[in-house]
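I am opening a notebook on this structure. The entries below follow the order in which I looked things up.

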Amino acid sequence: MTITRLHSGPRMSQAVIHGDTVYLAGQVGAPGKSVTEQTQTILGQIDALLAETGSAKSKVLSATIWLADMADFGEMNAVWDAWIGGQDAPARATGEAKLATPDYKVEIIIVAARD
């Protein structure tokens, strides 16, 4: 089976396609912005990467969401819920972790189908 990597750098690719499955790298928003703004930016990046790989948010299989502070869970969820639209909700896990820099408040990792 062919493996395709998109937007590859020295440490990682932004997306990897293996067969009919798409794996996205963890997406982050602009450092220092609010949780709402970072989440909106991240979901826009995810939409663009999914489109580039031949997928879409309706084909998201799973999402892993990391928050720097679980106190931001409600704020992030408000943006997520509007994006997912209550339909085709993927399997999802959300946890708290120190992210790459203190200015990142949200990171989202996606696995999606392409068929």
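I began with a term: a nonpolar core is a set of buried Ala, Val, Leu, Ile, Met, Phe, Trp, Tyr and Cys residues joined through side-chain atoms within 4.5 Å. Buried means under 20% relative accessible area, with a 1.4 Å probe and protein chains only.

I noted the ground rules. The model is predicted, local features need pLDDT of at least 70, side-chain atom pairs count only at pLDDT 80 or more, and totals for chains, interfaces and linings use all residues. Residues are numbered from 1 along each chain as its sequence is written, and side-chain values use heavy atoms, with hydrogens and water left out.

Core. I found 24 residues in the largest nonpolar core; Leu24, Ile46, Leu50, Trp80, Val106, Ile108 and Ile110 have the most contacts inside it. Helix 1 gives the largest share, 6 residues; helices are DSSP runs of H or I, at least four residues, and strands are runs of E, at least two, numbered from the N terminus.

Leu24. Leaving out residues up to four places away in sequence, I listed what Leu24 touches (heavy atoms within 4.5 Å): Gln14, Ala15, Ile46, Leu49, Leu50, Ile109 and Ile110.

Gln27. I located Gln27 in strand 4, residues 27–28. Gln27 counts as buried because its relative accessibility is 4%. I then looked for polar contacts, pairs of N or O atoms within 3.5 Å, where within protein one must be able to donate a hydrogen and the other to accept it, and residues adjacent in sequence count only if both atoms are side-chain atoms. The side chains of Gln27 and Gln14 make one of 2.8 Å.

Whole chain. I counted 2 helices and 7 strands.

Conventions:
Buried < 20%, exposed > 50% of the residue type's maximum accessible area, 1.4 Å probe, protein only.
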